[in-house]
Amino acid sequence: MAPKVLVSDKLSETAVQIFRDRGIDVDFRPDLGKDKEKLAEIIGDYDGLAIRSATKVTANLIEKAKNLKVIGRAGIGVDNVDREAASKAGVIVMNTPFGNMITTAEHAISMMMAVARQIPEANASTHAGKWEKSRFMGVELTSKTLGVVGAGNIGSIVCDRAKGLKMKVIAYDPFLSQEKADKMGVEKVDLDDLLVRADFITLHVPLTDQTRNILSRENIAKLKKGVRIVNCARGGLVDEEALAEALKSGHVAGAAFDVFAVEPATASPLFNLPNVVVTPHLGAATTEAQENVALQVAEQMSDYLLTGA
Ligand code: MLT
């Protein structure tokens, strides 16, 4: 009998087509990510579950998933999967670490530019017919120091793009070798050094026990006056309350956030502050990235279900 896969989030149709072409019996139910009772009711029928971020794969769901062999996350972060419960149940959890890295890096660069030139506020004001030409004084990126926290797949693309913009790039990443830093043309620094030197900081680390609150109240107090902070990685990396206070006092000049401690974020201490640019976790939201992650997750899951590889 063909293995059965359930797609419970909005995944590109490419994934569904690949599953079919590979001989997998696939059900496309993108509405189920938000209906956990229904999902729990039917999950027992499936060998594979393909998700994005809306489906929360809890220990309770895994307990009901008696036939489940693999969970495929079309994207990078697997924070919405209880990996410990999956591992105990012998269920493999796979992600697609490369499919949306360019798109996310480009979003971080866009956010940095948007906050440097106050583009969202200038846009709203101009649409409102105000023509406030003298209100929006920005800063140049050229020759400014960009502090990149995390120089992995996404962070290293950000370093490359920022160097193209003629920024001086410094990077904090315990896993970055001196050799790789030299090759990338970035200066490897420790976190304290980055905090005091950077004119812009961008975060590109997953949320772990080591990185949670990496921009804590204490670290925010160390930042160079006038710094602008970009977070397109994960909510929980920054103390949003402390950052809001630093923005109000003028210590931090701006922030651009795509991710929040609680998502979906309908409230945040950062909302409605001047020169704070916010987007609703759009880091992977391009047609190219969504095609890539859908294709990759469907291929990987099919390989595993059909051949065990
Ligand atoms: C990811 O982990 O791939 C990104 O944060 C994108 C997403 O969750 O949609």
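## Strand pairing

Two strands pair if DSSP finds at least two bridges between them. In this predicted model, strand β4, residues 70-73, pairs with β5 in the parallel sense over 3 bridges. Isoleucine 71 stands opposite valine 93, which belongs to β5.

Both strands are part of an open sheet of 5 strands with parallel pairing, in the order β2-β1-β3-β4-β5. The edges are formed by β2 (25-28) and β5 (92-94), each of which pairs on one side only. On average, neighbouring strands of this sheet are turned by 15° against each other, direction ignored.

## Helices across the sheet

Helix α1, residues 13-21, lies across β1 (4-7), β2 and β3 (48-51). The angle at which α1 runs to β2 is about 160°.

Helix α12, made up of residues 287-307, lies across β1, β3, β4 and β5. The angle at which α12 runs to β4 is about 165°.

## The chain as a whole

The chain has 12 helices and 12 strands. Its radius of gyration is 21 Å, close to the 19 Å that the globule rule gives for 309 residues, so the chain is as compact as a globular protein of that length. Along the principal axes, the C-alpha trace spans about 65 × 50 × 35 Å.

Of the 309 residues, 43% are buried. Among contacts with a separation of 6 or more, 60% are between residues 24 or more positions apart.

## Backbone exceptions

Most residues other than glycine have a negative phi, and most peptide bonds are trans. The residues below depart from one or the other of these patterns.

Serine 143 is not a glycine, yet has a positive phi of about 75°. The loop that holds serine 143 runs between α6 (119-127) and β6 (145-149). Serine 143 counts as exposed because it has 10 C-beta neighbours inside 10 Å, and the cut-off for exposed is 12 or fewer. Asparagine 213, also not a glycine, has a positive phi of about 60°. Its place is in the loop between β9 (200-203) and α10 (217-222). With 15 other C-beta atoms within 10 Å, asparagine 213 is partly exposed.

The peptide bond that joins glutamate 263 and proline 264 is cis, with omega about -5°. Proline 264 is in the loop between β11 (252-257) and β12 (276-278).

Definitions and conventions: Residues numbered from 1 in each chain as written. Predicted model: local features only at pLDDT ≥ 70, side-chain atom pairs only at ≥ 80, totals over all residues. Helix = DSSP H or I, 4+ residues; strand = E, 2+ residues; numbered from the N terminus. Rg over C-alpha atoms; globule rule 2.2 N^0.38 Å. Buried ≥ 20, exposed ≤ 12 C-beta atoms within 10 Å, placed from the backbone. Contact = placed C-beta atoms within 7 Å. Axes fitted to C-alpha atoms, helices over the stretch in contact; angles between N-to-C directions.
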